[in-house]
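User: I'd like to learn how to read a few features of this model, one at a time. Can we begin with the aromatic rings?

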Amino acid sequence: MSVLRQGYVTAALLGALWCLVIAVTVAVAMSFVTGEPFRPAALWSLLWGAGIGAAALSGRTALWGAAAVVFGLGMVGIGALTSEAGFLAGAVGQAALAGFTAVGLWKILDEVVPGPLTRHVFEAAVIRFLTGFGYIFFTAIVLIPFYVMVMTSLKNQSELIQNPLDFSIDLSLGWELFRSYRELMVDFNFGSYLWTSFYISVLTVLITLAFSIPGAYAVARLRFRGQALMGRSILLIYMVPMIVLALPIYIAFSMAGLRNSVLGIVMIYPVTTIPVALYMLQGYFRGLPAEVEEAGLMDGLSRLAVIWKITLPLSLPALASVSLYVFMIAWNEFLLAFMLLDDPSKFTLTRGIASLNSSEIPRQHLMAGSVIATVPIMVIFLGLERFMTKGLTAGSVKG
């Protein structure tokens, strides 16, 4: 490779690969949205991507000019994306392809120049390409199942029978699109399932914190025989699969009369959450400065007062993180609820969704139930995600 052409070759290569990635992504997205087949043209994707990449080295004007040319070629049938959809859908697809390719290459080739490249510049461009590819790939893995779930929940039985792979919706139906959700609340008692899951999850969080805070503090601060062994063995319960414990738990709860009992669920859920809460909190407590607590003891506070007035206020990020994590575990738990609950009036949300998995119940109701179970926990997680991140990383150096 000529030294003077290193920049152009690198730009063309990364541009070709990036355009192919965008073509596949846009084809999949447009196929789901419109219900019409969109297909990436691999050869044209590589050729037009190489052209846009090479043009990017001449400046922003040349980059967008090349993207406009790719859009125009796509509209006349020799583009990186082919489809049998109407004019508007095809234009949107071609515009998305050209636009996202240009924007991505603008970022990826930020430091690449027409002449010779240093190793640092080349590796930085490759890393930016791989980073963009990773964002697209993992976002698609997460969003596509959720999109299919939501779109299926908005359809009626006749639409699903006629074309089960068509995930487009008719917006002219208005509020009638949400008939599956209305029927779940009115006919399938899902409002009760939501409430049951909510207060069971809250009780699980409170019980878990009540046991894990003093336990984690003892392991982190106090000195006693077997302290190191206890700190290392907290998570041993997770080495035993829950399915192995399922039969003994079922037999024990049946003999104690705790099956079909919310009390039984509230008793067993903390057993699965306390170990992980202990493990998370002990690392955070070890990271707190011991001098602050010692000052409180010297001022005459008891050990419990020190925990209540000093340690817990300093540990709010970790407590928020543990509470959110435990709440999600309890909200999403299925095996124990499926095993111990047979009375529909006491079902949790996950157990209620399992009851919809029947040939007699339309599939859109099952998808609507899944959406109802997913959206609240997503909203809570996104709202409190900063606390969870802070709580998980705090104490990681000293702990």
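Analyst: Before we go on, some ground rules. This is a predicted model, where local features need pLDDT of at least 70 and side-chain atom pairs count only at pLDDT 80 or more, while totals for chains, interfaces and linings use all residues. Residues are numbered from 1 along each chain as its sequence is written, and side-chain values use heavy atoms, with hydrogens and water left out.

User: How many aromatic pairs does the rule give, and why do Trp-44 and Trp-48 count as they do?

Analyst: The count comes to 15 aromatic pairs. For Trp-44 and Trp-48, the ring centres are 5.2 Å apart and the planes sit at 15°, so this pair is stacked. Both belong to helix 2 (residues 42–56), four residues apart, about one turn of the helix. A helix here is a DSSP run (H or I, at least four residues), numbered from the N terminus.

User: And what sort of pair do Tyr-217 and Phe-285 form?

Analyst: An edge-to-face one, with 6.0 Å centre to centre and 70° between the planes. Tyr-217 is in helix 8 (residues 190–221) and Phe-285 in helix 11 (residues 262–287), so the pair ties together parts that are 68 residues apart in sequence. For exposure, read buried as under 20% relative accessible area, exposed as over 50%, and partly exposed as in between (1.4 Å probe, protein chains only). Tyr-217 and Phe-285 are both buried, whereas Trp-44 is partly exposed, at a relative accessible area of 33%.

User: Where does helix 8 bend, and by how much?

Analyst: The bend at a residue is the angle between axes fitted to the seven residues ending there and the seven starting there. In helix 8 that comes to about 25° at Ser-212, and Pro-214 follows within four residues. For length, the expected span of a helix is 1.5 Å times one less than its number of residues. The 32 residues of helix 8 should span 46 Å, and its end C-alpha atoms are 45 Å apart, which agrees.

User: Now pockets. How much space lies in the largest pocket?

Analyst: The general idea is that rolling a probe the size of a water molecule over the atoms shows where empty space is left. On a 1 Å grid over the protein atoms alone, a pocket is an open set of points where a 1.4 Å probe fits, with protein on both sides within 12 Å along at least five of seven lines, and lining residues have an atom within 4 Å of a point. Grid points are joined across faces, edges and corners, and the volume is the space filled by probe spheres set on the points. The largest pocket holds about 640 Å³. Of its 27 lining residues, Thr-25, Val-26, Ala-29, Ile-136 and Ala-140 are the closest to the centre.

User: Which helices supply that lining, and how do its residues divide?

Analyst: Helix 1 (6–34), helix 4 (87–108) and helix 5 (119–153) each supply at least two residues. Helix 1 gives the most, with eleven. The lining divides into 21 nonpolar, four polar and two charged residues. Nonpolar covers Ala, Val, Leu, Ile, Met, Phe, Trp, Tyr, Cys and Pro, charged covers Asp, Glu, Lys and Arg, and the others, Gly among them, are polar.

User: Last one: what is the phi of Asn-189 and of Asn-260?

Analyst: Keep in mind that most residues other than glycine have a negative phi. Asn-189 has a phi near 65°, a positive value. Its place is the loop between helix 7 (179–187) and helix 8, and at 36% relative accessibility Asn-189 counts as partly exposed. Asn-260 also has a positive phi, near 55°. Asn-260 is in the loop between helix 10 (242–255) and helix 11, partly exposed with a relative accessible area of 22%.

Notes: Rings of Phe, Tyr and Trp (its six-membered ring) pair if their centres lie within 6.5 Å; planes under 30 degrees apart count as stacked, over 60 as edge-to-face and the rest as tilted.
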